[in-house]
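Here is a short briefing to read alongside the model. It covers salt bridges, a pocket and a surface patch.

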Amino acid sequence: QRKDPFEQLDPGKGQGRDPQRTPMQWQTDSANAGFTTGEPWLPLAADWKTVNVEAQKQDPASMLSLTRRIIQLARSEPALLVGDHYLVITETFGPVIAYRREHESGKFLVALNLSAKPAEFTLPYGYNNVKPELSTLGEPQAEQFQNVVHLRANEGLILRCLA
């Protein structure tokens with residue numbers, strides 16, 4: 001039986017979210033993964049004992065840890081929060097999406113490789129020399145890039161412009 005409040009407010013249209021949702025998985029060893037002391041109307045995901053907030057807090061490679069590092073970097077760099085935003089046209093028009101963030105405090109380039117294969121692109125004018133500040137894959141592959149950025153498969157980089 002569907003109990004989604006959204007579905008109940010507009011019944012019969014099949015817009016309920018119950019089949020796609022599970023309760024938030026907070027802990028590894030609590031009843032209902034720490035979501036509630038009551039009885040949730042949705043079942044927990046099968047992997048709740050390993051995929052939960054408590055486990056991700058302990059894993060430096062987790063999505064939670066990555067998100068915290070991105071937030072910390074953005075809070076320390078005005079260009080990433082309030083800087084001007086410009087799309088970068090990559091030469092290959094392939095799997096790389098890139099954009100610049102510029103502010104009087106500094107310039108950054110964000111590059112995302114959306115493919116399962118390594119990719120590269122030529123740095124835009126004024127960004128001949130960049131230093132990786134953060135990689136979605138842990139440690140950046142290089143300490144610096146000049147003229148061309150090399151991205152590993154499925155990697156995102158935040159790069160600081162050095163010159």
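Glu133 is partly exposed, because its relative accessible area is 27% (buried means under 20%, exposed over 50%, partly exposed in between, with a 1.4 Å probe and protein chains only). This is a predicted model, in which local features need pLDDT of at least 70 and side-chain atom pairs count only at pLDDT 80 or more, while totals for chains, interfaces and linings use all residues. Residues are numbered from 1 along each chain as its sequence is written, and side-chain values use heavy atoms, with hydrogens and water left out.

**Salt bridges**

- Five salt bridges are found in the structure (a side-chain nitrogen of Lys or Arg within 4 Å of a carboxyl oxygen of Asp or Glu).
- Glu133 pairs with Arg160, with the closest N and O atoms 2.8 Å apart.
- Glu133 sits in strand E5 (residues 129-135) and Arg160 in strand E8, so this pair ties together parts that are 27 residues apart in sequence (strands, E, of at least two residues and helices, H or I, of at least four are DSSP runs numbered from the N terminus).
- Glu133 also meets Lys131 in a salt bridge, at 3.7 Å from N to O.
- Lys131 has a relative accessible area of 36% and is therefore partly exposed; Arg160, at 22%, is partly exposed too.
- Which residues are linked in a network of salt bridges? They are Glu77, Lys131, Glu133 and Arg160.
- Glu155 and Arg152 form a salt bridge at 2.8 Å, N to O; Glu155 counts as buried because its relative accessibility is 2%, whereas Arg152 is partly exposed at 24%.

**Largest pocket**

- The largest pocket has a volume of about 190 Å³ (on a 1 Å grid over the protein atoms alone, a pocket is an open set of points with protein on both sides within 12 Å along at least five of seven lines, and lining residues have an atom within 4 Å of a point; the volume is the space filled by probe spheres set on the points).
- Its lining includes Ile70, Tyr99, Arg101, Leu112 and Gly156.
- E8 gives the largest share of that lining, three residues.

**Nonpolar surface patch**

- Leu87, Ile89, Ile97, Leu112 and Leu114 make up a nonpolar patch with about 480 Å² of accessible area together (members have over 30% relative accessible area and no salt bridge, and nonpolar side chains are joined within 5 Å; areas come from the Shrake-Rupley method with a 1.4 Å probe).
- Leu87 belongs to strand E1 (residues 84-88) and counts as exposed because its relative accessibility is 57%.

How values were computed:
Patch = residues over 30% accessible without salt bridge, like charges linked within 9 Å, V, L, I, M, F, W, Y side chains within 5 Å. 1 Å grid on protein atoms, 1.4 Å probe; cavity = no way out; pocket = protein on both sides within 12 Å on 5 of 7 lines; lining within 4 Å.
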